Each structure stands twice: as structure tokens, then as C-alpha cells.
Amino acid sequence: MTPSLFKGSIAMPKDNDSPFLLDKHKRGLQNLDKMARYRDADVVDLVVVGAGAGGGVLAQRLARKGWKVVVLEKGPLWDPDRDWVSDEKGAGQAGLYWTDNRIISGNDPIEMGKNNSGQGVGGSMTHFAGYAPRLHPSDFEVKTRDGVAVDWPISYWDLKDAFERVERELPVAGEDWPWGDPHSYPHSPHPISGAAYVAWEGARQYGIDMRVGPVAITNGVFGNRPHCIYRGFCLEGCKVNAKASPLITHLPDAIEFGCEIRADSMAVKVELDDATGRAAGVTYVKDGEERFQRAEAVAVCGYAIETPRLLLNSACRRHPNGIGNNADLVGRYVMVQGATQVAARFPELLRMYKAPPPEVSSEQFYETDEDRGFARGFSIQTVSPLPIGWAEHVTAEGHWGQSLREYMRDYNHWTVLGILAEFMPEAENRVTLADEQDEYGMPIAHFNYNRCENDKAIVDFAKGVLMEIWDGAGAEDTLTIDRYAHLVGGARMGFTPDDSVVDASLRVWDVENLFIVDGSVMPTEGAANPALVIMALADRCASLLDRKAT
Amino acid sequence: MSTDQAHPNPHGLRQRKGTTPQMVGRYPDWDVLDEQGHWDEETRKVVLDRLHKVPEITFFDEREAETLKAFCDVLLAQDEEPRIPVLSYIDEKLAGGGGDGWQYYDLPHDTDVWKIVARGLDEEARKDAFDSFADASLEAQVGIVHRFDQGELHGGVWETVNVARAWKVVVRYACQAFYSHPWAWTEIGFGGPAYPRGYGAFGSPHMGEQESWEPSEAYHFDPVKDTQERGIE
């Protein structure tokens with residue numbers, strides 16, 4: 001497609017009226033009074049577990065095809081006007097983050113919660129920063145190209161149309177993208193802040209290309225969704241309705257086509273019909289009561305921790321080690337991305353809290369360069385912590401007492417760059433069931449993580465690049481925090497029942513009416529934020545399923 | 001970190017407007033609370049409740065509270081009034097079950113970590129011949145906190161936890177409580193809640209561009225040099 005020419009003129013999606021079903025002056029969903037209500041005893045066409053990036057898109061696509069869909073969501077159905085606040089601590093108190101307990105272990109235990117886990121209708125996208133990059137074509141064949149990990153059973157070209165459709169629906173704003181499969185975005189790039197501008201200048205000095213975007217934040221007319229107001233609270237839930245999440249990008253349309261979103265409903269077990277081996281529905285807990293929703297098909301869309309946990313907890317006679325786990329692969333090959341951040345100090349007041357945290361990024365180091373001594377690579381992105389987040393940066397370098405207070409008082413002089421480093425899938429990086437049970441009587445997840453040598457080498461190299469950028473920009477000082485972001489894998493897709501949990505159509509091997517439609521199916525993760533990828537996978541999965549007679 | 005932990009600001013950053021912790025701040029004539037008319041109602045309620053409805057301590061017993069208040073004062077260099085009552089917010093979170101979504105396999109629940117830390121701090125103070133951490137001299141308190149930071153607390157109740165990870169837990173809770181308080185926002189010049197007003201002037205490409213209501217910095221210290229010069233690094 002030839003890009004800039006069409007900007008703004010091709011932006012509206014054809015098969016999704018969500019932006020028009022919202023109200024210009026109210027943020028909550030406006031068509032809830034029309035929402036279908038199914039009974040547990042009704043055999044609906046599909047029950048979806050999880051109303052996030054995967055489940056939200058799948059529900060909308062199939063509702064449009066005439067499927068009767070019920071979406072079970074553990075958390076609440078948000079009204080951003082009423083439930084969300086422009087406040088860092090208040091976002092946690094509102095319940096945006098999945099903070100139910102999980103046990104973490106390994107040489108590199110991964111801290112969970114607000115950074116990587118969401119709950120409520122819209123999933124983690126309600127509090128993601130907004131970066132919505134595509135994977136590169138190379139991501140789908142890293143075994144063939146680079147001799148590491150595994151190839152995907154599908155290629156970039158199987159997802160290209162889905163990427164374009166979803167980008168129009170979010171919509172994504174950004175400059176024409178030179179990396180991977182070069183493409184353009186439906187909305188123009190947002191103006192950037194002074195904090196991002198110094199990073200960009202530093203990168204230029206060092207010979208690194210950066211581009212504005214890609215962010216799933218409106219930058220123009222888009223139905224009844226307002227333009228971004230650059231208030232900087234993307235991670236606290238967008239009260240503006242400018243930043244995309246399935247709550248506003250897909251579920252309004254799904255409701256219009258007969259989908260029921262059943263919030264505050266925690267799925268605890270996928271039930272199989274013992275005689276046929278087919279999924280019969282999902283047992284869930286709502287208002288303290290255990291219930292069972294019958295369905296012709298089930299889609300588990302709970303993400304890299306909760307999807308494996310639900311499958312493992314669904315052991316039955318035919319699947320004694322958990323559904324889909326006959327090859328001992330459920331819960332394995334979970335990946336996080338190395339997300340080290342380096343903050344830099346400048347004499348000027350930069351006030352990084354203004355404008356969205358995601359602004360400019362680079363994918364120049366994305367693919368393998370043998371001179372660097374490791375396989376695959378990383379991307380570079382601006383980020384902008386608010387005060388509590390900034391305190392994490394300061395305390396990570398050992399400051400407390402007076403020096404903590406002094407570095408905190410200096411907040412307005414700092415700006416931050418982060419990396420997303422592609423980590424390798426490893427069998428022992430896995431989710432298992434712990435002894436402890438949660439309030440629903442379900443064993444909680446135990447998540448073990450070790451970085452491999454390639455993972456460490458990428459992060460070390462990438463930190464050096466960030467230091468060079470800040471040096472080029474004239475930074476007076478830096479602070480480094482080693483951290484991780486995102487979660488994918490745990491129910492990988494593959495070529496045979498022996499190498500994977502689901503096939504290329506995201507169907508669980510051996511259970512013909514059970515699908516896994518979320519980030520857990522990704523065999524590798526690339527160096528891209530996963531939201532757009534998960535939505536594109538859901539779009540493709542839906543496109544392979546039949547239209548229902550209505 | 002040296003033991004000179006008194007006086008968070010020997011250079012005399014005196015706040016003139018509103019309230020900041022210990023009345024220090026870089027923006028002496030600015031108060032973030034003056035902006036509350038621009039905040040949406042839900043956010044204003046959450047922030048003002050934090051300010052005016054300080055929760056009663058119910059999770060910790062009296063002795064634990066005394067110990068941990070003294071600990072938080074050292075951790076956050078709150079050596080005089082006005083103090084942000086951080087322990088009240090920490091207690092509120094723990095009374096509600098605590099936890100931010102994870103638990104290290106070699107640590108108990110956050111609720112137990114805090115109780116263990118309270119006991120451990122008192123045990124350390126007794127080694128220094130004080131009745132409790134709260135009774136210890138500032139110098140002794142700072143020494144204990146320094147050893148906690150370095151993971152160098154051993155024996156007694158400290159043997160039941162990974163000390164370095166317990167440190168991360170308490171620092172996280174303390175910073176969440178302190179830097180969610182509007183007094184701290186005024187101290188550091190953070191603009192605070194920003195809905196529905198948003199921002200138009202965010203500094204690009206001309207650096208230093210600011211909204212009419214955003215304050216200018218009255219005092220400018222490079223914290224790297226300053227913390228070194230003052231021997232508090």
C-alpha cells in the first residue's frame with residue numbers, strides 16, 4: 001500500500017462499528033441495555049474465557065458471523081468515567097491490575113502485577129502503554145534463519161492482513177515504518193514531548209534511526225472517540241477513550257451483534273465430555289457461586305499465566321495432566337522480554353510526566369547481526385514513569401534516605417529510554433500449579449524463570465547502546481534499572497501434537513472444539529510489544545471459523 | 001550511604017506555599033493542591049481522601065507501629081514535621097490483604113514480611129543495647145537500615161527470610177505510600193492529576209516549554225554532585 005497519501009482517508013474499519021457506538025461525552029459502553037443474556041443451560045456457540053486482546057477481538061469477529069458468544073471475565077466491566085482515576089496509586093486500588101498472588105522463582109524471578117497482568121473487561125490493554133508494533137517477517141522463522149528456538153507454523157504473510165485490519169480499528173498512529181515489512185499507519189504521528197525529543201536527538205548523534213510511534217492512541221477523527229489530551233496517565237487506564245483497548249475497540253460492536261460479556265466471572269475449569277472428548281463448556285465462579293456455562297466450543301484467552309493455569313486445573317480422565325498437556329507442554333516456554341531502562345539527567349526541566357509514555361522507538365537492532373555475538377536483538381522505546389515508578393528507578397540503584405529524596409526532587413530533569421529484548425523460549429521457564437489455593441478454591445500459579453546466556457548478552461549489549469545514546473544527547477548522569485516486561489508463550493502453537501499445544505489454527509490438538517487465542521500460543525516473542533500481535537492472531541483464528549446460520 | 005541522615009536539605013530549600021514533607025521543595029511558591037479545580041471529581045475524591053482521611057492503624061500492633069514508623073522515617077529521611085504518615089497507608093494496604101501480585105518462593109506473604117521486619121529491627125537494636133528500634137539513636141537506626149539495605153542482617157528472625165528481597169518489599173510499600181501523597185508531588189514539582197485538562201505545552205522541540213500554571217524551579221542541584229558533596233551517597 002502506498003501510504004501517506006491515504007492517511008486519514010482509509011482509517012475507518014469496515015466491519016467494526018465500535019467507535020460509533022460510544023458516546024462523545026461519556027466513556028462507558030452505551031449499548032449495555034441491549035446486551036444479550038444467555039442462561040447457563042443454553043448451549044451457546046462459543047464461550048470465551050478472558051475479555052482481553054485475544055478474547056475481545058475473537059468475540060467481536062464471531063458475533064459478527066452470527067455466533068452466540070458469552071465472554072467470561074474475571075474482573076469488572078469498567079466505566080472509565082466512574083471507575084478510573086488520573087492517579088498512579090488509585091489505578092491499582094481501582095483494580096486494573098491482576099494482583100492475586102502468584103509464586104515466583106528461578107534465577108531470575110519475574111515480578112508480576114501492574115507491569116504485566118491485567119483484569120477486567122479490556123484486559124491488560126486497559127493499562128498498557130500503547131505501543132502497537134507488528135512482528136517482523138523474520139520472527140516467524142528464527143530456527144531457519146538464526147538457528148535458535150523454533151519456527152512458527154504460520155508466516156508473517158498469514159498475519160499481514162490481520163495486522164492492517166487491527167491497526168485501522170485501534171487505530172494506530174505513527175510515522176511510516178521502515179523496519180520489518182515496511183508499512184504506514186492510519187493516523188499521523190503524535191507530537192512528541194521534550195523528554196522524548198532529547199532521546200531522539202541522542203539517537204541521531206549515535207547514528208540510530210528512531211520513528212514516532214507506533215501507538216494505539218487516536219490522533220484525529222475516529223467515530224466518537226476523542227483525541228488524546230497528552231495527560232500522561234496511559235498506564236492508569238485512559239479516562240479519555242483515546243487509547244485503545246478491547247473495551248472500546250471491539251466489545252461495543254460485539255454487544256451489538258448479540259455477544260454477552262459476563263464480568264466478575266472467574267473460570268476455574270474447562271469441562272470435557274468424557275464420551276466424545278469434546279469441550280462441553282466452562283465452570284466458573286460468580287458471586288461466590290459455582291456455575292457451568294454450556295457451549296458448542298470454548299476459547300481460552302487468559303494470557304501466559306492464566307491460560308496454562310486453567311488448562312492444568314482442568315485435568316480429567318482423558319487428559320490426566322491437564323487439557324492439551326499430553327506432551328507435557330502446557331505452561332512451558334513462557335517468555336518475558338528484557339526491559340531494562342536507563343534514565344538520563346539533563347540540565348533543562350523535561351517534565352516527562354507530560355504526553356503519553358510511549359513516543360518514539362527504533363527497531364534498528366531487531367534482527368541478528370553476527371558481529372554482536374548473539375542471536376536476535378531488541379527494540380528501543382521511550383518510557384516516562386510517574387513518581388511512584390520513578391522511585392523504583394531511584395531505589396533500584398540503592399538510594400534511600402536523603403539521597404532518595406534528592407533524586408526524587410530532581411524528577412523533572414530526567415527522561416527514560418527502555419529496551420525490549422527478545423528472550424528465548426526455554427522449557428523450564430514454566431507455569432505450574434502451586435499448593436496454595438485462591439479465593440475460588442483453585443491452585444495459584446507458580447512461575448519459574450531463568451535467563452539463558454543469549455538473553456543476558458542481548459541485554460548487556462542493549463544497555464551499552466542506551467548509554468551511548470544518552471552520551472550523545474549530553475546527559476549529565478544515568479540511572480539503570482533491570483526489569484522485564486510482557487508475557488507470552490505457555491501454550492505454544494506448532495506443527496505436530498508432539499511439539500505444541502495448539503495447531504496453526506489455534507485449535508488444541510486432540511480437542512477439536514477447544515481453542516487458545518491469546519499471547520500464550522506464541523512460539524517466540526520477537527522484540528515487539530505483544531498487544532497488536534495477539535489481536536491479529538485472534539482475527540486470523542476467527543477468519544478460519546465458519547459463519548453460523550442465524 | 002553515610003550515617004549523616006539528619007536534615008534532608010542542608011542547603012535550605014524552604015517551601016513557602018502549601019505543605020511538603022519537612023517543608024522542603026524545589027518549587028517553593030507552588031502547591032499542586034491549588035490545581036484541584038482542574039481535576040475530575042473521581043480523582044479529586046481519591047487524592048483528597050488520601051490527604052484528609054488518614055486511616056487508623058489496625059494491622060500492626062502498637063509496638064510494631066512504633067518500630068516501623070521510626071524505620072520509615074529513616075528510610076524516607078522524614079526527620080521532622082510535617083511528615084507524610086506513610087505507615088498509616090502501608091497498614092491500610094496490609095489490612096486489606098496486601099500484595100502487588102507476586103510472592104518470591106523464599107519469602108512469606110508481604111503481610112508476614114512486614115511483621116518479620118518489625119521484629120528483626122528490634123532484635124538488631126537490642127544488639128546495640130537499645131530497648132527497641134524506636135528507642136535507638138538516629139545513628140544506630142541509620143546503621144541498622146544500612147545493614148538491611150546491604151542484606152547484612154543475620155541471626156534471629158532474619159534467618160527466616162531472604163533479607164535482600166524483604167528490603168525490596170518494604171522499600172516498595174514505603175515509596176508507594178510517600179509518592180502517592182500530594183505533599184510529595186508539590187516537593188518534586190509533579191503536575192499531579194491531569195484529567196480533563198491535559199497538556200498542550202510538553203516541550204518539543206523547544207525544551208523547557210511549560211504550561212502557564214507549571215512552576216519554575218527556584219533551586220537547582222545536580223543530585224549526583226550534591227549527594228556526593230554532602231556525603232549522603
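This is a predicted model: local features need pLDDT of at least 70, side-chain atom pairs count only at pLDDT 80 or more; totals for chains, interfaces and linings use all residues.
**Entry: chain B as a whole**

I began with chain B and looked up its secondary structure, which comes to 8 helices and 1 strand. Reading along the sequence, I wrote down the pattern α-α-α-β-α-α-α-α-α. Next I asked how the radius of gyration of chain B fits with a compact globule. A compact globule of 233 residues would have a value near 17 Å, and chain B has 19 Å, which agrees. I also noted the box that the C-alpha atoms of chain B fill, roughly 55 × 40 × 30 Å along the principal axes. Of the 233 residues in this chain, 47% count as buried. Then I turned to contacts in chain B between residues at least 6 apart in sequence, and 67% of these join residues at least 24 apart.

**Entry: one leucine in chain B**

I picked Leu138(B), which is found in helix H5 (residues 138-149) of chain B. Is Leu138(B) buried or partly exposed? I found 15 C-beta neighbours inside 10 Å, so Leu138(B) counts as partly exposed; being buried would take 20 or more. I also checked how Leu138(B) lies relative to Phe59(B): they are 79 residues apart in sequence, and their C-alpha atoms are 26 Å apart in space.

**Entry: where the chains touch**

Now for the contact between the two chains. I noted 61 residues from chain A and 54 residues from chain B. On the chain A side, several elements each supply at least two residues, among them helix H4 (88-94), helix H7 (194-206) and helix H11 (387-396). Which element of chain A gives the largest share? I found H12(A), with 8 residues. By type, the chain A side divides into 26 nonpolar, 16 polar and 19 charged residues.

I was pleased to see strands pairing across the two chains. S3(A) is joined to strand S1 (residues 103-104) of chain B by 2 bridges, and the two run parallel. Within this pairing, Ile104(A) stands opposite Tyr104(B) in S1(B).

**Entry: a three-stranded sheet in chain A**

Here I followed an open sheet of 3 strands in the order S6-S7-S8, with antiparallel pairing. Which strands lie at the edges? I noted strand S6 (265-272) and strand S8 (289-294) of chain A, each of which pairs on one side only. From one strand to the next, the twist averages 25°. As a reminder to myself, strands of a sheet pair through backbone hydrogen bonds, either parallel or antiparallel. I looked closely at S6(A) and strand S7 (residues 279-286), which run antiparallel and are joined by 7 bridges.

**Entry: a covered strand in chain A**

Next I looked up strand S11 (residues 341-345) of chain A and asked how many of its residues are buried. I counted 5 of 5, so this strand is mostly covered, given that a residue is buried if 20 or more other C-beta atoms lie within 10 Å of its own. In a regular strand the side chains alternate between the two faces of the sheet. In S11(A) both faces are covered: Gln341(A), Ala343(A) and Arg345(A) are buried on one side, and Val342(A) and Ala344(A) on the other.

I then traced the pairing of S11(A). It pairs with strand S14 (residues 414-421) in the antiparallel sense over 5 bridges, and Ala344(A) stands opposite Thr415(A) there. S11(A) also pairs with strand S17 (residues 477-481), antiparallel and over 5 bridges. In that pairing I found Val342(A) opposite Thr480(A).

**Entry: backbone details in the loops**

I looked for cis peptide bonds and noted one between Gly213(A) and Pro214(A), with omega about -5°. Pro214(A) has its place in the loop between strand S4 (211-212) and helix H8 (246-249) of chain A. In chain B, the peptide bond from Tyr195(B) to Pro196(B) is cis, with omega near 5°. I placed Pro196(B) in the loop between helix H7 (182-188) and helix H8 (223-229) of chain B.

Last, I checked positive phi values in residues other than glycine. Leu506(A) has phi near 70°, and Asp510(A) has phi near 80°. Leu506(A) is found in the loop between strand S18 (484-488) and strand S19 (514-516) of chain A, and Asp510(A) is also in the loop between S18 and S19. Which of the two is buried, and which is partly exposed? Leu506(A) is buried because 27 other C-beta atoms lie within 10 Å. Asp510(A) has 14 such atoms within 10 Å, so I marked it as partly exposed.

Terms used. Residues are numbered from 1 along each chain as its sequence is written. Chains are lettered from A and ligands numbered from 1 in the order in which they are written. Two strands pair if DSSP finds at least two bridges between them. Helices (H or I, at least four residues) and strands (E, at least two) are DSSP runs, numbered from the N terminus. Axes are lines fitted to C-alpha atoms, for helices over the stretch in contact, and angles run from 0 to 180 degrees between N-to-C directions. Two residues are in contact if their C-beta atoms, placed from the backbone, lie within 7 Å. Ala, Val, Leu, Ile, Met, Phe, Trp, Tyr, Cys and Pro count as nonpolar, Asp, Glu, Lys and Arg as charged, and the others, Gly among them, as polar. The radius of gyration is taken over C-alpha atoms; the globule rule is 2.2 Å times the number of residues to the power 0.38. A residue is buried if 20 or more other C-beta atoms lie within 10 Å of its own, exposed if 12 or fewer, and partly exposed in between; C-beta atoms are placed from the backbone.
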